[in-house]
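Here are my notes on this model. Please read them with the coordinates open.

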Amino acid sequence: MRGRTFSSGILASAAAVAVVQAQCPDYSTFSQQRHEPFSTGKYQLSYMRPEPACRTFNSSIVEDTITDMKSVIKDPDLYRLFENSFPNSLDTAVRWKGFAANNPMEELTFLITGDINAMWLRDSANQMQSYLTLLKADSSYDSIASLYRGVINLQARYINEAPHCNSFQPPVESGLAPTQNQQKPDVFTPDASNQTVFECKYELDSLAAFLEISTNYYEATNDIEFFKNFQWVSATNTVIATTEALLIGTYASNGSVNEIPYTWMRETTSATETLDNSGRGNPVQDGTGLVRSAFRPSDDSTIYQLFIPANMMFSRYLDSASKIMANIGNQRNLANHMHNFAGRIRDAVTQYGIVNDPKYGQVYAFEVDGYGSANRMDDANIPSLLSAPFIGYLNVSDPVYQNTRKYVLSKDNPYFMRGPVINAIGGPHAGFGQAWPMASIIRIFTTDDSHEIETTLKEIVSSTDGLGLIHESINTFNQSDWTRQWFSWANGLFGQCLLDLKERKLSTLQASYQ
Ligand SMILES: *[C@@H]1O[C@H](CO)[C@@H](O)[C@H](O)[C@H]1NC(C)=O
Ligand SMILES: *[C@@H]1O[C@H](CO)[C@@H](O)[C@H](O)[C@H]1NC(C)=O
Ligand SMILES: *[C@@H]1O[C@H](CO)[C@@H](O)[C@H](O)[C@H]1NC(C)=O
Ligand SMILES: *[C@@H]1O[C@H](CO)[C@@H](O)[C@H](O)[C@H]1NC(C)=O
Ligand SMILES: *[C@@H]1O[C@H](CO)[C@@H](O)[C@H](O)[C@H]1NC(C)=O
C-alpha cells in the first residue's frame, strides 16, 4: 500500500529492521499489506499481529487482556483495531533483551520505535506506558516488570553517555550492528559517537521521559531496590546537570553572548531540521526559570526554545521522581533539590507560558522566548498543550487548560487539520493537511463527553486505509495517503486509551462505529 514513510526526517525504508527469525517477514513490509481474516464490520480491517513464532515478546497477561476486551468492545472493527494495536510493541519492537556485560544482574531492553532500528528515549518510555495498568512487582525475566527495568537501565546508560541525544543504537551486548542514519551528519556532534547514538537532537521531553518511566515503574511496584542498584541515581544527576545548564539565556546581564552547552546544525532543505543563528536557535531571555529545548517531541526544531509542554512534563516528573530519590536513603538533599527545581519550573510556566487571547481568554502558549513573543499553536506529539492533563501536569478542569483546549481544537490553531476523513491536530513534521490520530487519542483521554469520544473514535476506526493500525498521520481528504506503517508508540497509546475508556466511559465501547 501506498503511504509515504518518514519519521524524524529519516526515510524509514532505508533503515529496514532485521527480522526476528529468518523466516519471519519484515514488519515494515508486513504492515503495508492486508492479511486475513478481515474484521466483520464495514471497514474489513486486516489482522496485523505477526504469527506467534515471530512475536518479539510473549506476555500471558497481555493476551488475557486482549481476550477479555473481546466481550467489552461490541463493534467488530473497533475490537480488531484494539487487538492489532495494543500488543504491537511487544509483538514487534522488543529487538533485544539481555544483561549488561559488566553486571549480570542489570537487565537491558532494546525497544525500537518501529520502522527504524533505533531506540528513542521518548518512544520507549511511552511504548512501555501502554502496559502500565498490567505492571506489578515481579522479579522474573519474562515479566512486563523486567521489560520496564531493562528499558530504564538502558536509558540510564544512554543518558550518562550522551545526555543531549534523543535516539540511540543497539547496546554492544546485543551484537546488533549500528543503524546508518540516512541524513547528512550534523555539524556539531556534542557528545555523540555514531556507534552509540542514532541522532543527537536535544529535546527536553526525552529527559522527562526517563523520569516518567521511572515514576511509572516505581509507583506500580514500589521496587526501591531496583533504583539503588544500577545507574539510576547517576543518570538522574546527569539529567539535572544537563537541564540546569540549559536554563541559560542568549545574553549575560552585561551583554556578552553566553556560551551554551548545545548547538546543532545539519545540511538540509528543511528549516525544522536545523537551528538558525549558527546552531544556537532564536534568542531567549536569561533567567526565566524555563529549561531550553532545541527540538520538539516531533524531532522538529523549536521556534522559541522555551517550549512549554516539555517544561510542564519535565516539572511534573522531576517532582514525582524526587520521591523515588527521597526513598533511596542518603539522597535527601538531592531529592529536595529536584522537588524545588520542579517547583521553580512550574512557577516559570505560569509566569511566562500563559498569554491572553482576545477570543479564548488566558491560554498556554506553545513556545515563548521570555521577551514577550509567543508561538501560538499546538502539535500532535506528546507532550503537547492538549496532553497537559494526560502527562499529569494539571487537571482537565483547570480553567486555563480548558481555554487552551478549546483553542487548540479549533481552526484558530494553525496546525489543526480538517477534512472529511479525520479532524485532528497535526504539525510541521508530516506537514499541512496531515492529521495525527495520536492527537485524536489524546482528545479522548482529556474529555468526559461521550459524544466527543464517540465522534473521535469513529474517525480513528474508519481511517486506517483498511490496515487496522494507527498511522502517524493521515491526509484529511484521503486516508490512503498516510505516513509510517509501523509506529509502535501510537498503536500502544490507542490500546491504553481503550483500557482507560473501559474504566471511565464503558458505554463508548459498547456503541457501534459502523
Ligand atoms: C512466543 O511464543 C511462541 C509460541 O507461541 C514462540 O514460538 C516464540 O518463540 C515466543 N517468542 C519469544 C520471544 O519468546
Ligand atoms: C559513523 O561515522 C563514520 C564516519 O563518518 C562513517 O564512516 C560510518 O558509516 C558511520 N556509521 C554509522 C553506523 O552511521
Ligand atoms: C559578562 O558576564 C559573564 C557572565 O556573568 C561573564 O562570564 C563575563 O566574563 C562578563 N564579561 C565581561 C566583559 O565582563
Ligand atoms: C487535581 O485536582 C485535585 C483535587 O482538586 C488536586 O488534589 C490535585 O493536586 C490536582 N492535580 C494537579 C496536577 O493539579
Ligand atoms: C490518495 O492517496 C494515494 C496515496 O498517496 C494516491 O495514490 C491516490 O491517488 C490518492 N487519491 C486521490 C483521490 O487523490
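1. What pLDDT does the chain average, and what share of the residues score at least 70? The average is 94, and 95% of the residues score at least 70. Here pLDDT is the predictor's confidence in each residue, from 0 to 100. Residues 1–20 are the stretch to treat with care: their pLDDT is below 50. Beyond near neighbours in sequence, this stretch has 66 contacts in the model, a contact being heavy atoms within 4.5 Å. Where pLDDT is low, the predicted coordinates should not be read in detail.

2. Ground rules. This is a predicted model, in which local features need pLDDT of at least 70, side-chain atom pairs count only at pLDDT 80 or more, and totals for chains, interfaces and linings use all residues. Residues are numbered from 1 along each chain as its sequence is written, chains are lettered from A and ligands numbered from 1 in the order in which they are written, and side-chain values use heavy atoms, with hydrogens and water left out.

3. Ligand 1. A polar side-chain atom of N58 lies 2.4 Å from an oxygen atom of ligand 1. For polar contacts with a ligand, the criterion is a pair of N or O atoms within 3.5 Å. On its own, ligand 1 has 370 Å² of accessible area, and the protein covers 45% of that. Areas come from the Shrake-Rupley method with a 1.4 Å probe.

4. Ligand 2. Two of the side chains are worth checking. Q180 places a polar side-chain atom 3.0 Å from an oxygen atom of the ligand. For N194 the corresponding distance to a ligand 2 oxygen is 2.3 Å. Taken alone, ligand 2 exposes 360 Å², of which the protein buries 45%.

5. Ligand 3. The residues around ligand 3 are A252, N254 and S256. A polar side-chain atom of N254 lies 2.5 Å from a ligand oxygen. The protein covers 24% of the 360 Å² of accessible area that ligand 3 has on its own.

6. Three-stranded sheets. Strands are DSSP runs of E, at least two residues long, and helices are runs of H or I, at least four, numbered from the N terminus. Two strands pair if DSSP finds at least two bridges between them. One open sheet has the order β8-β11-β12, with antiparallel pairing. β8 (306–307) and β12 (374–375) each have a single partner strand, so one side of each is left without a neighbour in the sheet. Two bridges join β8 to β11 (residues 367–368), and L306 has V368 as its bridge partner. Another open sheet runs β5-β6-β7, again with antiparallel pairing. Its edge strands are β5 (119–120) and β7 (197–199). β6 (residues 167–168) pairs with β7 over two bridges, with S167 opposite E199.

7. Hairpins. β3 (residues 94–100) and β4 (residues 103–111) pair in the antiparallel sense over six bridges. Two residues link them in a hairpin, and G98 stands opposite L108. β9 (residues 354–357) and β10 (residues 361–364) are antiparallel, joined by four bridges. Three residues lie between them in their hairpin. I354 stands opposite Y364.

8. Backbone geometry. Most residues other than glycine have a negative phi, and most peptide bonds are trans. Where are the exceptions to look at? The bond from E36 to P37 is cis, with omega near 0°. P37 lies in the loop between α1 (27–30) and α2 (60–70). Q44 lies in the loop between α1 and α2, and its phi is positive, near 45°. A cis bond also joins I382 and P383, with omega about 10°. P383 sits in the loop between β12 and α13 (399–408).

How values were computed. Polar contact = N/O pair within 3.5 Å; in protein donor to acceptor, adjacent residues only side chain to side chain. Near = heavy atom within 4 Å.
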